Amino acid sequence: MRKKLVVGNWKMNGSRAANAVLLAGLREAGPWTADVAVCVPFPYITETALALTGTAVGFGAQDCSAHEQGAYTGEVSSAMLADLGCRYAIVGHSERRAYHQESDQLVADKAKAALAHGITPIVCVGETLAEREAGQTEQVVKRQLAAVIHTLTHCIGEIVLAYEPVWAIGTGLTATPEQAQAVHAVLRTQLHAATQKSDAMRLLYGGSMKADNAAALLAQPDIDGGLIGGASLKATDFGAICRAAG
Ligand SMILES: O=C[C@H](O)COP(=O)(O)O
């Protein structure tokens, strides 16, 4: 039995004042049975760590560099994130793939860099609406995951995988539980061929997951948690999703 994991991705939202309110709300809303974490903008990692001290809520970043260190202006290394106590780093989010031209290989290299510093990469895969309508969903997510499997080889069992259909992100259009489960099953099968740990790996769904649709999604056999964007910005909403995962 896999323990559910719910991760809030704040994206580029927040301020010191707003974060203090949100994090205090999370302290009050928990604890939960599921594992819970928030991935926050880089500048707020330290204060998030402080605000969550003494709770079981983990924290992490929304990206990391594929490089170890050096002349990479603007990048943040996994070593730095580890230094701050991050447990997770999201890599390959569709917003980074789309707006920063991140390739499958770069995403895989970022996942490798995170693992090298003891950080669990949350690797995102997912198809666009055009790809789904062209019947390419399976092909796209398998291609995205294959690059990670090839690069991580025997460490692939250490990642968290998130299926996020691009058309469902921030749109209010959620994949049905059956649509999401079908893709998760494809991904689990692909992982099964790559690692003996596939049955223990957590596969998250992301894309307009909210308090009122979380339970049905999380009841699917291969959906082991959620990666939550918009609904992670209010403690009551996020807390309700975490409860649904319990
Ligand atoms: O990382 C989170 C996903 O992009 C989902 O975002 P959303 O819950 O706002 O649709």
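N9 is placed in strand 1 (residues 5-9), where strands are DSSP runs of E of at least two residues and helices are runs of H or I of at least four, numbered from the N terminus. The model is predicted, with local features requiring pLDDT of at least 70 and side-chain atom pairs pLDDT 80 or more, whereas totals for chains, interfaces and linings use all residues. Residue numbers start from 1 along each chain as its sequence is written.

N9 counts as buried because 26 C-beta neighbours lie inside 10 Å; the cut-off for buried is 20 or more other C-beta atoms within 10 Å, for exposed 12 or fewer, and partly exposed lies in between, with C-beta atoms placed from the backbone. Beyond its neighbours within four places in sequence, N9 is in contact with C39, Q62, I90, L227, I228, G229 and S232, a contact being a pair of residues whose C-beta atoms, placed from the backbone, lie within 7 Å.

G229 is located in the loop between strand 8 (225-228) and helix 10 (235-245) and is likewise buried, with 21 C-beta neighbours inside 10 Å. When residues up to four places away in sequence are not counted, G229 touches N9, K11, I169 and G170.

K11 belongs to the loop between strand 1 and helix 1 and is partly exposed, since 19 other C-beta atoms lie within 10 Å. Its phi is positive, about 55°, although K11 is not a glycine. Most residues other than glycine have a negative phi, and most peptide bonds are trans.

In an unreviewed UniProt entry, N9, W10, K11, G170, S208, G229 and G230 are listed under "binding site"; such annotations may be inferred rather than shown by experiment, and positions follow the numbering used here. These residues are spread over 222 residues of sequence, yet they cluster in space, with a largest C-alpha distance of 13.8 Å.

A positive phi, near 40°, also occurs at T153, in the loop between helix 7 and strand 6 (160-163). T153 is exposed, with 10 other C-beta atoms within 10 Å. The peptide bond from G30 to P31 is cis, with omega near -5°, and P31 is found in the loop between helix 1 (16-29) and strand 2 (35-39).

Helix 5 (residues 104-116) packs against helix 7 (residues 137-152) at an angle of about 45°, their axes being 8 Å apart. Axes are lines fitted to C-alpha atoms, for helices over the stretch in contact, and angles run from 0 to 180 degrees between N-to-C directions. Helix 5 is therefore oblique to helix 7.

Technical notes: Angles under 35 degrees count as roughly parallel, over 145 as roughly antiparallel, 65 to 115 as roughly perpendicular and the rest as oblique. Two residues are in contact if their C-beta atoms, placed from the backbone, lie within 7 Å.
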